[in-house]
Amino acid sequence: MTPTDSLRTKLRMVLNDRDSKTFTDDELDSLISDADCIYCAASEGWMMKATMQESNVDNPNVYQVGQERYQYSTVTDIANLCYKNAETYKAKCAGRSSFMIGADVEVNL
């Protein structure tokens, strides 16, 4: 596909990158250029977001301060969500066949 402002905006929306903190315009253009459709680009982008989590450290996700207890997502939770989103968008793709369809993905970082 040929990158356009419209495709770049749509890809930012499906990659949950509206504030442009994850991908530069050039990186999005590369994803769009290499893709058969916007869903292929989205799938590839979510895969990249998942691999970006590898550089983060997975700390315990529960802590307590006095009577209050806090729980938050771990790096593994976030990576698994990214892989699941990649799988979802790849399933929508009308182009190439996918090696991801039907695959169970679990990441242990």
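Predicted model: local features only at pLDDT ≥ 70, side-chain atom pairs only at ≥ 80, totals over all residues.
Local features need pLDDT of at least 70 and side-chain atom pairs count only at pLDDT 80 or more, while totals for chains, interfaces and linings use all residues. Residues are numbered from 1 along each chain as its sequence is written, and side-chain values use heavy atoms, without hydrogens and water.

**Fold**
- The protein has 4 helices and 2 strands (DSSP runs: H or I of at least four residues for helices, E of at least two for strands, numbered from the N terminus).
- From the N terminus, the order is α-α-α-β-β-α.
- Of the 109 residues, 34% are buried (under 20% relative accessible area, 1.4 Å probe, protein chains only).

**Nonpolar core**
- The largest nonpolar core has 20 residues (buried Ala, Val, Leu, Ile, Met, Phe, Trp, Tyr and Cys joined through side-chain atoms within 4.5 Å).
- Leu11, Leu15, Leu28, Leu31 and Trp46 touch the most other members.
- α1 (5-14), α2 (25-34), α3 (38-52) and α4 (75-92) each supply at least two residues of this core.
- α3 gives the most, with 6 residues.
- Leu11 touches Leu28, Leu31, Ile32, Ile38, Ala41 and Ala42, leaving aside residues up to four places away in sequence (contact: heavy atoms within 4.5 Å).

**α3 against α4**
- Their axes come within 8 Å and cross at roughly 165° (lines fitted to C-alpha atoms over the stretch in contact, with angles from 0 to 180 degrees between N-to-C directions).
- α3 and α4 are therefore roughly antiparallel (angles over 145 degrees).
- The contact includes Trp46 and Met47 of α3 and Tyr83 and Tyr89 of α4.

Terms used:
Buried < 20%, exposed > 50% of the residue type's maximum accessible area, 1.4 Å probe, protein only. Parallel < 35°, antiparallel > 145°, perpendicular 65-115°, else oblique.
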